[in-house]
Amino acid sequence: QSYGKRLSHIVQNYLLYVELENIRSNPQESQKLREICLNSSAEIIEYVATRKAKQVDREIDLKLNLQNTSVQIEQNHLLKLLEEILDNAFKFSKPGTSIEVVSTIKKNYLVLSFCDRGIGLTDEQINQIGAYIQFNRQTYEQQGSGLGLAIAKRIVEIYGGHLAIESIPHRETVVKVYLPTTNNSFTTNKN
């Protein structure tokens, strides 16, 4: 990416983070967003994941197993959430290792699971996920702001869901996103 594009992305992420913080502190605004119902979640997830894999020339590494359902989230917020998590998954894993994206329905939630076989995170790093923190900057060239996971986490929380990270350093990272759903589901597989 060019410096101008990276800078634009950083500025957009800062502005989005401030906007999400404002929404989170306004119960009426949060409630209004929670009333949004987005159909065809699997189609959107597949589109974003495939596009991201193509951008980094890793289509062969991407494995999808998606259940389709209506989910309570605004489309642009879902797109941003997916882009930030997938960006990290590809950035912190080597070509030739798989990136698995699985969606399942559990109770009233769509559970999105993103698994990469990359550098992983320590428990301390997972506990520090928030604005402005970048991990392993000395080892891995990063051009971001450290806001990606903080933004993803904030988006999920605004919609009444949650984000969990499990990781084994130098082996794998699994990011799980729980989003409220309205149970109309069917399965699609793509490997």
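Me: Before I look at any residue, what do the words buried, partly exposed and exposed stand for?

Reply: Buried means under 20% relative accessible area, exposed means over 50%, and partly exposed is in between. Keep in mind that this is a predicted model. Now try L15, which sits in helix α1 (residues 3–24). Its relative accessibility is 59%, so L15 counts as exposed.

Me: Okay, and where do nonpolar side chains tend to be in general?

Reply: In soluble globular proteins, they tend to be buried together. Here, the largest nonpolar core has 46 residues, and L81 and V177 have the most contacts inside it. Helix α4 (residues 75–91) gives the most to this core, with eight residues.

Me: What is V177 in contact with, leaving aside its neighbours within four places in sequence?

Reply: Quite a list! Among them are L81, I85, L110, F114 and H162.

Me: How do I read a strand pair, say β2 and β3?

Reply: Look at the direction and the bridges. Strand β2 (residues 99–106) and β3 run antiparallel, with eight bridges joining them. The hairpin has two residues between the strands, and K107 takes a positive phi near 55°. As for cover, seven of the eight residues of β3 (residues 109–116) are buried.

Me: How many salt bridges are there?

Reply: The count comes to eight. Start with E84 and K80, whose closest N and O atoms are 2.7 Å apart. They are four residues apart in helix α4, so about one helical turn separates them. E84 is buried, with a relative accessible area of 5%, and K80 is buried too, at 14%.

Me: Which side chains does R117 meet in salt bridges?

Reply: One is E100, at 3.0 Å from N to O. R117 lies in the loop between β3 and α5 (123–127) and E100 in strand β2, so this pair ties together parts that are 17 residues apart in sequence. The other is E172, at 3.8 Å from N to O. Because E172 is in strand β5 (residues 172–190), that pair ties together parts 55 residues apart in sequence.

Me: How exposed are R117, E100 and E172?

Reply: R117 is partly exposed at 34%, E100 is partly exposed at 27%, and E172 is partly exposed at 25%. Elsewhere, salt bridges that share partners join K52, D87 and K91 into one network.

How values were computed:
Residues are numbered from 1 along each chain as its sequence is written. This is a predicted model: local features need pLDDT of at least 70, side-chain atom pairs count only at pLDDT 80 or more; totals for chains, interfaces and linings use all residues. Side-chain values use heavy atoms; hydrogens and water are left out. A nonpolar core is a set of buried Ala, Val, Leu, Ile, Met, Phe, Trp, Tyr and Cys residues joined through side-chain atoms within 4.5 Å. Buried means under 20% relative accessible area, exposed over 50%, partly exposed in between (1.4 Å probe, protein chains only). Contact means heavy atoms within 4.5 Å. Two strands pair if DSSP finds at least two bridges between them. A salt bridge is a side-chain nitrogen of Lys or Arg within 4 Å of a carboxyl oxygen of Asp or Glu.
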